[in-house]
Amino acid sequence: MDQVVRVGVGVVIMHDNKILLGERIGAHGAHTWATPGGHLEYGEDIEACAIREVHEETGLDVVNVEKLGFTNDYFSDEQKHYVTLFVMARCDTHNAEVKEPNKCKQWQWFSLDKLPQPLFLPLVNFLEENNTLYQN
């Protein structure tokens, strides 16, 4: 069993009242939909992590990274425990590309009232604990 709590960063990018979500593939959270994001590296600023991960995964360049909140996520099937830091970022272009095809099948924009299922556990927990996204 993995006894380490890891820190993830989830990046909420909105455009025309839609959120960018990717369909995850691979072992962790496979076949769920999630925001761009990933592991916070040792010594890395949260904002820098958000910018790096979005670019690595989608090719998009984000700015104006703002903290939204966090979740405490325990993946019982995988025996993994994460604290996920959610941030919101602005992006001037909106054509996300699959840059890591071993991790993500596709990127799409979704209305907040028509989110795909199933969602990645940290996003589920964030939406249950906050209505922040619905106010933007």
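1. Starting in the sheet: D73 has Y82 of strand 6 opposite it. Strand pairing here requires at least two DSSP bridges between the strands. Strands themselves are DSSP E runs of at least two residues, helices are H or I runs of at least four, and both are numbered from the N terminus.

2. A word on provenance before going on. This is a predicted model, with residues numbered from 1 along each chain as its sequence is written. Local features need pLDDT of at least 70 and side-chain atom pairs count only at pLDDT 80 or more, while totals for chains, interfaces and linings use all residues, and side-chain values use heavy atoms, with hydrogens and water left out.

3. Overall layout: the protein chain has two helices and seven strands. Read from the N terminus, the order is β-β-β-β-α-β-β-β-α.

4. Strand 6 (residues 80-91) pairs with strand 1 (residues 5-15) in parallel, through nine bridges. The hairpin of strands 5 and 6 has four residues between the strands, and Q79 takes a positive phi near 55 degrees in it.

5. V87 is worth a look, and it sits in strand 6. Its relative accessible area is 2%, so V87 is buried (buried means under 20% relative accessible area, exposed over 50%, partly exposed in between, using a 1.4 Å probe and protein chains only). Neighbours within four places in sequence aside, V87 is in contact with V9, G10, V11, V12, I46, A50, V65, E66, K67 and L68, where contact means heavy atoms within 4.5 Å. V11 lies 76 residues away from V87 along the chain, yet their C-alpha atoms are separated by 5.1 Å.

6. Now for a loop residue: H28 is found between strand 2 (18-24) and strand 3 (33-34). H28 counts as buried because its relative accessibility is 15%. With neighbours within four places in sequence left out, the contacts of H28 are F75, E78, K80, Y82 and F120. Y82 brings us back to the opening pair, as D73 stands opposite Y82 in strand 6.

7. Helix 2 (residues 121-129) has P122, L123, N125, F126 and L127 as its buried residues. These buried residues pack against strands 2, 3, 5 and 6.

8. Along the principal axes, the C-alpha atoms fill a box of roughly 40 × 35 × 30 Å. Of the 136 residues, 43% count as buried. Among contacts between residues at least 6 apart in sequence, 67% join residues at least 24 apart.

9. Last, the surface and charges. The protein chain exposes about 7600 Å², with carbon and sulfur atoms supplying 49% of it; the areas come from the Shrake-Rupley method with a 1.4 Å probe, and for residues only the protein chains shown count as cover. There are 11 positive and 21 negative side chains, and the centres of the two sets lie 4 Å apart. Lys (placed at NZ) and Arg (CZ) are the positives, Asp (CG) and Glu (CD) the negatives, with His and the chain ends not counted.
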